[in-house]
Amino acid sequence: MSVTKTSFKAGQLVDSKHVDTLLSTYKKERWINNSKQLGKEDSLSVWYGMNELSEFMQIARENGADGIRMYFGVYPEGFEKVPDYAGRQTVVMVATKAKRNEDGRLVTKHIYYQTEKGTELLAFNISYICPPVCAPDDGGVGDGIFIIQDHGLGLTMVKNDEGDTIVM
């Protein structure tokens, strides 16, 4: 009997126009209202270092993962680890294993692994979110300098509910 390993493919490279469209649509349709409700600018991006991502991916592979599910989340008010992050959105990554169920649909299951504390969800978070930290430095999360970097994605002009034009 032969066993065929199934590979599940998701994601692809996209061009700058695609990214610019996604970001400008997000800013117009979600970010302005999120920031208004929050009373401060909500985060627009999440940055992870390549070394840390590689380590997470390696641990995920070693524990049987074949994919990563990325969840949108919000740091709770009173978030003590990085107080400036309180109330702002983030992305948390969870290692997963995919398979097809009886009716052919793709199902992903979270991966759990053993730590000193016991069985834990294999997940990754606590990055640099921008704002408030728009450029990592050597000081650690929350101690970054506030630099807006030009990623060549263009400008977005949006009118808020008061009729003011905001350039992003």
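Me: Where does proline 132 lie?
Reply: This is a predicted model. A cis peptide bond, with omega near 15 degrees, runs from proline 131 to proline 132. Proline 131 is found in the loop between E8 and strand E9 (157-159). Proline 132 lies in the loop between E8 and E9.

Me: What is omega of the peptide bond that joins cysteine 130 and proline 131?
Reply: Most residues other than glycine have a negative phi, and most peptide bonds are trans. The bond that joins cysteine 130 and proline 131 is cis. Its omega is about -15 degrees.

Me: Which residue forms a disulfide with cysteine 130?
Reply: The structure holds 1 disulfide. The sulfur atoms of the bonded cysteines are 2.1 Å apart, within the 2.5 Å cut-off for a disulfide. The partner of cysteine 130 is cysteine 134.

Me: Why is the disulfide of cysteine 130 and cysteine 134 right-handed?
Reply: A disulfide is a covalent bond between the sulfur atoms of two cysteines. The disulfide is right-handed because of the torsion about the S-S bond of cysteine 130 and cysteine 134. That torsion is about 90 degrees.

Me: Is cysteine 134 buried or exposed?
Reply: Buried means under 20% relative accessible area. Cysteine 130, with 14%, is buried. The relative accessible area of cysteine 134 is 11%, so cysteine 134 also counts as buried.

Me: Which strand holds tyrosine 128, the ring partner of tryptophan 47?
Reply: A search of the whole structure finds 5 aromatic pairs. In the pair of tryptophan 47 and tyrosine 128, the ring centres are 5.6 Å apart and the planes stand at 55 degrees, so the pair is tilted. The pair links distant parts of the chain, 81 residues apart, with tryptophan 47 in strand E1 (residues 45-47). Tyrosine 128 is in strand E8 (residues 128-130).

Me: Phenylalanine 56 and phenylalanine 124 form an aromatic pair; what is the angle between the planes?
Reply: A pair of aromatic rings is described by the distance of the centres and the angle of the planes. The rings of phenylalanine 56 and phenylalanine 124 are 5.0 Å apart, centre to centre. Their pair is stacked, and the angle between the planes is 20 degrees.

Me: Where in the chain are these two phenylalanines, and how many residues apart?
Reply: Both phenylalanine 56 and phenylalanine 124 are buried. Phenylalanine 56 is in helix H2 and phenylalanine 124 is in strand E7 (residues 123-124). The pair links distant parts of the chain, which are apart by 68 residues.

Me: Which tyrosine forms one aromatic cluster with Phe56 and Phe124?
Reply: The largest nonpolar core has 9 residues, including Phe56, Met93, Ile111, Leu122 and Phe124. H2 and strand E3 (89-100) each supply at least two residues of this core. The tyrosine that clusters with Phe56 and Phe124 is Tyr48.

Me: Which residues is alanine 60 in contact with, leaving aside its neighbours within four places in sequence?
Reply: Ala60 belongs to the largest nonpolar core. Ala65, Ala95 and Leu122 are also among the residues of that core. With the sequence neighbours left aside, alanine 60 is in contact with Ala65, Ile68, Ala95 and Leu122.

Me: How many residues has helix H2?
Reply: Helix H2 spans residues 50-62. It reaches 18 Å from its first C-alpha to its last, close to the 18 Å expected at 1.5 Å a residue. Just after H2, glycine 64 takes a positive phi of about 90 degrees. The length of helix H2 is 13 residues.

Me: Which backbone oxygen does the side chain of tryptophan 31 reach?
Reply: Tryptophan 31 is found in helix H1 (residues 16-38) and is buried, with a relative accessible area of 6%. Aspartate 42 is 11 residues from tryptophan 31 in sequence, and their C-alpha atoms are 6.8 Å apart. At 2.9 Å, the side chain of tryptophan 31 reaches the backbone oxygen of aspartate 42.

Me: What is phi of isoleucine 126?
Reply: Isoleucine 126 is found in the loop between E7 and E8. At 29% relative accessibility, this isoleucine 126 counts as partly exposed. Its phi is positive, in a residue other than glycine, with a value near 60 degrees.

Key: Residues numbered from 1 in each chain as written. Predicted model: local features only at pLDDT ≥ 70, side-chain atom pairs only at ≥ 80, totals over all residues. Heavy atoms only, no water. Buried < 20%, exposed > 50% of the residue type's maximum accessible area, 1.4 Å probe, protein only. Helix = DSSP H or I, 4+ residues; strand = E, 2+ residues; numbered from the N terminus. Expected span 1.5 Å × (residues − 1). Phe/Tyr/Trp six-rings, centres within 6.5 Å; stacked < 30°, edge-to-face > 60°. Polar contact = N/O pair within 3.5 Å; in protein donor to acceptor, adjacent residues only side chain to side chain. Core = buried A, V, L, I, M, F, W, Y, C linked by side-chain atoms within 4.5 Å. Contact = heavy atoms within 4.5 Å.
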